Amino acid sequence: MKKIFTNDKFFLAMVLCAVLGELIFLGFQVFVHPEYVISYLSLLIRIGCVAVLYSSYRKHSKNVMKGMMGALLMAQLLTSLSYLSSGDAVGRALVYVVLNAALFVVHFIINSDHHSSPALIRVNQVLFLLMAILNTVTEVVDISRIGSFTAAIPLIADIFGFIGMMAAVVCVESRLDAYRIEREAKGYVAK
């Protein structure tokens, strides 16, 4: 999995999935439910975080990257916490909260040290896969209940957007850890 998450083309593809997928989802939601437009602000912030994350990666601004990952993960955690108040599928919402919280905590553990953390990067990748599976299954169940192709479009877009958003974080974490491994192989000792 390391080669996938450290591949720049894969990272770009995930960023495009995140931004385009979530903008399509957001557009449909605002059109269908304009009365809830303020509740979609969190999604707009997450989309912005992904765009800035990619831009900072291209500019090699590690501090901005780390900050954007933290902001994106916090926004994602807050969104998952809001699912707990929706009333339906509290068990599933709780799993989202636990997985998002774990990804958030692992992010800070990884970035609190200048040493490589291959084991934690692996945990990161597994958490991403679990979240992607949970989100995809949830959306597919919702799509099967709708019965309308037009109404399914935003949910399909959200599947790709969510996967892209979470994969973008794991790509950056994996790439930064690969840099640390290369640096350590050259004899660099972190203080």
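Is phenylalanine 128 buried or exposed? In this predicted model, in which local features need pLDDT of at least 70, side-chain atom pairs count only at pLDDT 80 or more, and totals for chains, interfaces and linings use all residues, phenylalanine 128 is buried, with a relative accessible area of 6%. Residues are numbered from 1 along each chain as its sequence is written, and side-chain values use heavy atoms, with hydrogens and water left out. Buried denotes under 20% relative accessible area, exposed over 50%, and partly exposed in between (1.4 Å probe, protein chains only).

Aromatic pairs were assigned to rings of Phe, Tyr and Trp (its six-membered ring) with centres within 6.5 Å; planes under 30 degrees apart count as stacked, over 60 as edge-to-face and the rest as tilted. Because phenylalanine 5 lies in helix 1 (residues 2-5) and phenylalanine 128 in helix 6 (residues 118-146), the pair ties together parts 123 residues apart in sequence. Helices are DSSP runs (H or I, at least four residues), numbered from the N terminus. Phenylalanine 5 is likewise buried, at 3% relative accessibility. Phe5, Phe10 and Phe128 form one aromatic cluster.

The rings of tyrosine 83 and tyrosine 96 also form an edge-to-face pair, with centres 5.7 Å apart and planes at 65°. This pair links distant parts of the chain, tyrosine 83 being in helix 4 (residues 62-84) and tyrosine 96 in helix 5 (residues 90-111), 13 residues apart. Tyrosine 83 is partly exposed at 36% relative accessible area, whereas tyrosine 96 is buried at 6%.

Terms used: Helices (H or I, at least four residues) and strands (E, at least two) are DSSP runs, numbered from the N terminus.
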